[in-house]
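Student: I would like a close look at one part of this model: how its chains are placed and joined. Please take the contacts between chains, and then the elements that take part in them.

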There are 6 protein chains.
Amino acid sequence: MEFTHFNEDGKARMVNVGEKPDTERQAVARGYISMKPETYKMILEGRAKKGDVLAVAQVAGIMAAKETSRLIPMCHNIFLTGVDIKFEFFEEQSTIGVEAIVRTVGKTGVEMEALTAVSVACLTIYDMCKAVDRGMVIKNIHLIEKSGGKSGHFTREEILPWQK
Amino acid sequence: MEFTHFNEDGKARMVNVGEKPDTERQAVARGYISMKPETYKMILEGRAKKGDVLAVAQVAGIMAAKETSRLIPMCHNIFLTGVDIKFEFFEEQSTIGVEAIVRTVGKTGVEMEALTAVSVACLTIYDMCKAVDRGMVIKNIHLIEKSGGKSGHFTREEILPWQK
Amino acid sequence: MEFTHFNEDGKARMVNVGEKPDTERQAVARGYISMKPETYKMILEGRAKKGDVLAVAQVAGIMAAKETSRLIPMCHNIFLTGVDIKFEFFEEQSTIGVEAIVRTVGKTGVEMEALTAVSVACLTIYDMCKAVDRGMVIKNIHLIEKSGGKSGHFTREEILPWQK
Amino acid sequence: MEFTHFNEDGKARMVNVGEKPDTERQAVARGYISMKPETYKMILEGRAKKGDVLAVAQVAGIMAAKETSRLIPMCHNIFLTGVDIKFEFFEEQSTIGVEAIVRTVGKTGVEMEALTAVSVACLTIYDMCKAVDRGMVIKNIHLIEKSGGKSGHFTREEILPWQK
Amino acid sequence: MEFTHFNEDGKARMVNVGEKPDTERQAVARGYISMKPETYKMILEGRAKKGDVLAVAQVAGIMAAKETSRLIPMCHNIFLTGVDIKFEFFEEQSTIGVEAIVRTVGKTGVEMEALTAVSVACLTIYDMCKAVDRGMVIKNIHLIEKSGGKSGHFTREEILPWQK
Amino acid sequence: MEFTHFNEDGKARMVNVGEKPDTERQAVARGYISMKPETYKMILEGRAKKGDVLAVAQVAGIMAAKETSRLIPMCHNIFLTGVDIKFEFFEEQSTIGVEAIVRTVGKTGVEMEALTAVSVACLTIYDMCKAVDRGMVIKNIHLIEKSGGKSGHFTREEILPWQK
């Protein structure tokens with residue numbers, strides 16, 4: 001087994017995917033941000049009333065998916081056919097879950113786009129709330145599902161931060 | 001206590017910091033990426049010999065610090081005076097730690113720049129190794145230290161992913 | 001009838017266009033910028049002689065078309081096959097018209113790219129001339145024609161700013 | 001009187017502002033987007049309930065202010081200390097007004113940043129609603145106020161699209 | 001013979017390539033950077049041990065290839081299927097050669113992407129070493145090979161800076 | 001003597017310049033592009049009449065100066081107070097010279113900005129003319145002058161490509 005992102009001199013390269021066929025591909029990633037119960041409550045209340053932190057995080061995550069190849073050096077710049085972001089709420093742990101679903105029709109997968117969208121959505125929540133809670137922690141950003149392409153279907157259970 | 005990132009209509013805004021003085025500011029953030037022992041070994045060996053995953057992650061993290069205000073919607077675009085990234089190695093847990101130290105002389109803090117640098121360095125490690133290990137998990141991205149500015153010195157213990 | 005840019009939770013998303021076929025598409029947009037007669041004269045004279053405001057606006061508009069998906073949050077990032085910009089001159093009203101024609105072969109239309117090109121070309125004219133005329137007004141940016149894609153051919157008369 | 005954005009060869013340049021002092025500066029710009037009454041109603045209802053077009057436009061406008069110097073060729077890249085965007089509602093004319101207020105402490109004004117924020121917020125409204133109303137028109141983007149800097153205070157009445 | 005990048009008014013445009021078929025294309029470009037023998041030695045030693053200037057230049061060149069259409073005004077934004085960069089060492093002339101190989105499957109060639117990758121890799125070497133050698137010179141950036149597309153195969157000898 | 005762009009682990013960093021005072025700084029860089037006599041003639045004629053290659057290169061070079069810190073990994077993102085670009089004509093050698101003058105008031109020099117502006121202006125000339133002359137060569141990009149900052153005034157003769 002070998003890393004593919006290095007050339008024969010052992011230097012980084014952007015792997016050639018020119019011979020791969022265009023196929024429909026999808027990736028789903030998740031991550032979490034934990035905070036003080038008061039911060040959690042403020043976000044949820046703001047959502048209902050005014051000052052919607054999650055609406056800003058939603059936009060930031062979608063825009064970040066489109067920026068992925070400019071952030072991750074060896075990532076291909078690709079056309080995304082769709083991006084969606086959803087939030088999950090864990091009141092007991094005062095934690096918000098972020099899920100990104102990214103789709104393309106192309107020669108490479110969109111795992112990095114989904115993981116980047118989740119990361120930036122979480123960072124945006126941190127930014128919007130840091131004046132009241134500097135101790136928030138972003139946890140367990142991971143790939144949940146990947147379909148399309150030669151490497152086949154990948155799927156796994158989400159890993160909640162408080163599980164083991 | 002109130003979120004500062006909303007205007008009187010409850011809509012998001014970029015907070016005005018025009019009256020704040022220019023002060024020297026620094027932020028330190030950390031995060032971790034856990035992987036299979038074989039992947040961990042491949043990264044460490046490549047580093048010694050050829051195919052240096054971490055050299056690419058280092059560059060990506062530094063460049064991402066400069067992109068922060070373009071990713072995080074309400075973040076101010078600021079001049080960074082210095083950015084450094086360091087790696088820590090936890091062989092037993094086959095986990096790599098990433099620390100970013102960001103400095104500025106300006107009107108706002110650089111927490112978001114440090115957290116973004118850590119996130120993108122971790123995402124780059126994922127990207128470089130995903131062909132051999134799709135199950136890597138990015139963990140516990142958090143602020144360790146923040147100095148300069150009115151809100152004073154913030155510091156806290158690093159939270160290793162396997163602690164509690 | 002419904003907005004398509006929201007998911008089932010009512011949050012913004014980038015609509016999935018993965019099932020749409022690749023077709024040749026074109027969009028034409030127009031807009032205007034009105035100014036003092038002296039400013040209008042200076043632009044026209046500079047064009048003939050030296051100091052060509054419109055050459056800069058032309059380049060800016062074309063480059064902006066390529067930036068559209070980074071400015072408009074829910075816009076797909078797409079490959080543009082061609083972009084052209086033309087100017088029209090209305091001496092009596094000391095107004096310059098800007099027309100952008102954008103083409104692609106793809107799964108989504110290029111209206112936003114044409115409208116963005118017109119907007120940025122107008123903003124650039126403003127920027128180049130603001131030292132002599134801060135009161136310029138950008139008027140009536142609108143879509144004139146759109147072809148290709150499922151929604152069919154759209155066409156309408158240009159709306160000159162002084163009509164009605 | 002002369003355009004400042006050209007050098008002695010008559011070619012475009014980015015004017016040198018190095019000798020100007022740093023002063024607090026503010027610019028306010030406005031623009032409008034007119035649509036069918038049904039579209040107007042859908043936006044207003046969505047805002048109250050779900051599917052908030054204006055929340056996305058708000059974020060897009062603020063982010064665009066930070067991109068101004070990358071869109072407008074001769075514009076200086078500057079640190080913005082604050083950006084805010086507000087909407088006005090003209091039910092009778094089924095028109096939405098957009099106002100951007102941009103602040104800096106620096107050597108050049110922020111008119112272009114305010115005008116760009118308004119333009120991109122309007123374009124985003126267009127994008128979010130174009131599936132139901134392709135005939136929307138963006139109208140009368142203009143500067144309302146500018147303070148700070150050598151050229152002094154500029155202020156003028158807003159020009160509503162249906163006036164005159 | 002005519003420049004294709006101008007419209008019928010003699011103004012710049014992005015040429016329409018919509019009718020061109022998608023074909024596999026490749027471009028190879030080269031350039032050189034000459035320096036003091038001591039600087040050359042420091043780079044080579046750093047590479048073996050620590051402080052790898054060329055690893056940073058490698059990443060910068062690859063990322064720049066993806067930025068080409070945002071830097072070169074009339075360049076199409078395209079999907080790159082692969083990018084690789086290699087270095088050559090001319091000890092006698094204390095000169096480093098940079099070669100970029102860029103591939104796509106698309107409607108336009110990737111010469112500009114290869115030339116831009118070489119340019120930015122050379123600029124990065126300059127930046128990393130300028131504290132010890134401000135007099136480095138970037139030399140002879142040129143196209144070596146181009147294949148795919150209607151204009152056929154182009155190939156030529158590399159032009160070393162000290163030839164002729 | 002040591003490279004400054006590496007930390008104590010030998011990994012790349014963005015050097016901290018926080019303690020440096022803000023001073024007025026200027027850098028001047030030059031480069032050349034050589035071509036067939038017919039291409040040279042076409043550019044010069046187009047300039048007089050229509051189809052101005054150099055007007056596009058001028059805009060591209062100025063915009064690239066502002067992008068420098070996003071292209072060159074360890075470069076600081078700084079506020080530029082002015083950018084100007086000039087062309088020189090060497091008919092006998094059918095070569096065009098490009099000079100960029102960049103100014104700032106800040107903590108770091110602007111050599112990289114001037115060198116990047118020259119590089120991108122040359123690349124743009126190549127792009128605009130490549131349909132008629134694929135064999136153009138970009139030559140001798142180098143720093144001519146640098147003033148301001150602790151390292152003092154640097155100045156040297158321009159190195160014309162055909163000298164020695």
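Predicted model: local features only at pLDDT ≥ 70, side-chain atom pairs only at ≥ 80, totals over all residues.

Tutor: Residues are numbered from 1 along each chain as its sequence is written, and chains are lettered from A and ligands numbered from 1 in the order in which they are written.

The surfaces used by the two copies are different, as 5% of the contact residues of chain F recur in chain B. Two residues are in contact if their C-beta atoms, placed from the backbone, lie within 7 Å. By that criterion, 19 residues of chain F meet 16 residues of chain B. The side of chain F that touches chain B consists of 8 nonpolar, 6 polar and 5 charged residues. In this classification Ala, Val, Leu, Ile, Met, Phe, Trp, Tyr, Cys and Pro are nonpolar, Asp, Glu, Lys and Arg are charged, and the others, Gly among them, are polar.

Chains A and B are related in another way. Chain A is laid on chain B, with an RMSD of 0.0 Å, by a turn of 180 degrees and a shift of 0.0 Å along the axis. The relation is thus that of a two-fold rotation axis. In chain A, Lys139(A) has the C-alpha nearest this axis, 2.4 Å from it. The two copies meet through the same surface, because 100% of the interface residues of chain A are also interface residues in chain B.

In this pair, 48 residues of chain A are in contact with 48 residues of chain B. Helices H1 (37–48), H2 (53–71) and H3 (111–129) and strand S4 (137–147) of chain A each give at least two residues to the side of chain A that touches chain B. Helices (H or I, at least four residues) and strands (E, at least two) are DSSP runs, numbered from the N terminus. H3(A) supplies the largest share of that side, 12 residues. By class, the side holds 29 nonpolar, 11 polar and 8 charged residues.

S4(A) and S4(B) run antiparallel and are joined by 2 bridges; strands count as paired if DSSP finds at least two bridges between them. Ile141(A) has Ile138(B) as its bridge partner in S4(B). Likewise, 2 bridges join S4 of chain E to S4 of chain F, again antiparallel, and there Ile138(E) has Ile141(F) as its partner.

Within chain F, S4(F) pairs with strand S1 (residues 23–34) in the antiparallel sense over 8 bridges, with Gln26(F) opposite Ser147(F). S4(F) also pairs with strand S5 (residues 154–155), antiparallel, over 2 bridges; Glu145(F) is bridged there to Thr155(F). The hairpin of S4(F) and S5(F) has 6 residues between the strands, and Gly148(F) takes a positive phi near 90 degrees in it.

H3 can be followed in chain E. Its 19 residues reach 28 Å from first C-alpha to last, close to the 27 Å expected at 1.5 Å a residue, where the expected span is 1.5 Å times one less than the number of residues. H3(E) is largely enclosed by the rest of the structure, because 19 of its 19 residues are buried. A residue is buried if 20 or more other C-beta atoms, placed from the backbone, lie within 10 Å of its own, exposed if 12 or fewer, and partly exposed in between.

The largest nonpolar core has 324 residues, and Ala117(A) is one of those with the most contacts inside it. Such a core is a set of buried Ala, Val, Leu, Ile, Met, Phe, Trp, Tyr and Cys residues joined through C-beta atoms within 7 Å. Leaving out residues up to four places away in sequence, Ala117(A) touches residues including Gly61(A), Ile62(A), Val83(A) and Val102(A).

Some pairs of chains do not meet. Chain A and chain F share no contact, and their closest C-alpha atoms lie 10 Å apart.

Terms used
Least-squares fit on C-alpha atoms with pLDDT ≥ 70 in both.
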